[in-house]
Amino acid sequence: MLCIFSTWVMATLILSSLLWILTIDVVVVSGCMEVERNALLTFKSGLVDPQNFLSSWEGEYCCKWRGVVCSNTTGHVVKLNLRNSCNIFIEECAYLSGEINPSLLLLTNLEHLDVSMNNFSGTSIPTFLGSLTNLRYLNLSNSYSSGTIPPQIGNLSKLHYLDLNSEFMYPSIIRIDDILWLTRLSFLKYLDLSNVNMNTSTGWLHAVNMLPSVKVLQLADCSLPGISTSLSHFNLTTLNVLDLGGNSINSTLPTWLRNLTSITYLGLRSNEFHGIISDEFLYLSTLNNLFLGYNGFKGMNPKALRYLCNLRSLDLSSFSIGGEIMEWVEMLPRCVRNNLQTLYLSDNNFRGNLSGWLEQMNSLTDIDLGSNLLSGSIPIGVWKL
């Protein structure tokens, strides 16, 4: 009797599992959840779409609509990618515009949202986006030109990628008033706030320092209100890219820069950094790209670069170095000369002839020697800006 009962229980479990699998298959085959399909159609109704970018958004099979990706197992919409791929530098672009409808909140499993390179000028970044708590990827870059980034974004605690860059929006007056919401995004690996006005965010560095997983940090042209030159505890040990260019930061070089032991790109161009560039700072052997031009530095001994054998790009514009360029370049460590592809030395009062040493830098493809007292010609194959 017990054997018969056990067999019946097992058969029931197997049948239940099969029914569940068949139900999932029906969900996937049918296209997507009806509530989510209706939510997408409501979202579409709030958009202006002059190029019919969303012409495929009709019928039952919403998982096949352009930009919509559903889970293969549950049928829920997990990704919405409406990035405008038009190249604004070479063609006239037609953007999605209008507004982002709160119907997106019905996409409760949404993990990836990208509406970048569109034009939602005249509207602000919606606060309700902070309720899409399953988001891991959010890209609103170059789609908004005004308003305050809502602190509700800090509720997206699962985010790995956040891009709010407004580089191509003219004029851009997006701002952050209080950046404390950033400290709640502890899983962030990529953060781009370039061209977002942060001039009142005095605690920006301490907020960023609470993101232990961040690998890419883009804060160029943010009107940063200053920088702490030291930190009691440094968390950014995984940082690969740091760009603080164009912020008019008036400071000596922060001592915590020496702790960027994984850094490959360091952009400090067009600030007001000054003082001495120490050997200890330049002991960052992982660096591929170092941009220090147009600051307040006065001179630099090229031997200080002796540990940076992985350098591919070097910008020392407006360092007031002066003297014979041949002598200065010959003092560059051999490994640096052999590997450099980009070299910017404009506005340095160099004098002398170009012939000879340029041909020895076999990897060089891009050079800027503007506003120096030089003679001779640039070799074929090297582009002068």
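**Salt bridges, a sheet and a helix**

Reply: Start with R269, which is partly exposed, with a relative accessible area of 29%. Buried means under 20% relative accessible area, exposed over 50%, and partly exposed in between (1.4 Å probe, protein chains only). Keep in mind that this is a predicted model: local features need pLDDT of at least 70, side-chain atom pairs count only at pLDDT 80 or more, and totals for chains, interfaces and linings use all residues. Residues are numbered from 1 along each chain as its sequence is written, and side-chain values use heavy atoms, with hydrogens and water left out.

Me: OK, what does R269 form a salt bridge with?
Reply: With D315; the closest N and O atoms are 2.2 Å apart. R269 sits in the loop between β14 (265-267) and β15 (272-274), and D315 in strand β17 (residues 313-315), so the pair ties together parts that are 46 residues apart in sequence. Helices (H or I, at least four residues) and strands (E, at least two) are DSSP runs, numbered from the N terminus.

Me: And D315, buried or exposed?
Reply: D315 counts as buried, at 0% relative accessibility.

Me: What counts as a salt bridge here?
Reply: A side-chain nitrogen of Lys or Arg within 4 Å of a carboxyl oxygen of Asp or Glu. Side chains of opposite charge can pair when their charged atoms come close.

Me: How many salt bridges by this rule?
Reply: The count comes to 5. One of them joins R175 and D177, with the closest N and O atoms 2.7 Å apart. R175 is partly exposed at 23% relative accessible area. D177 is also partly exposed, at 40%.

Me: Which side chain does R351 meet in a salt bridge?
Reply: That of E324, at 3.6 Å, N to O. R351 lies in strand β20 and E324 in strand β18, so this pair ties together parts that are 27 residues apart in sequence. R351 is partly exposed at 43% relative accessibility. E324 is partly exposed too, at 30%.

Me: How do β18 and β20 pair?
Reply: In the parallel sense, over 2 bridges; β20 covers residues 350-353. Two strands pair if DSSP finds at least two bridges between them. The bridge partner of E324 in β20 is R351.

Me: New topic. How many residues does helix α2 have?
Reply: It has 12, residues 34-45. From first C-alpha to last, α2 reaches 17 Å, close to the 16 Å expected at 1.5 Å a residue. That expected span is 1.5 Å times one less than the number of residues.

Me: Which residues of α2 are buried?
Reply: E36, R37, A39, L40 and F43. Seen down the axis of α2, they fall within an arc of 160°, so they line one face of the helix. The arc is that of the directions from the helix axis to the C-beta atoms.

Me: What do those buried residues pack against?
Reply: β1 (47-48), β2 (68-70) and β3 (77-81). Contact means heavy atoms within 4.5 Å. The face turned away from the buried side carries the exposed residues E34 and S45.
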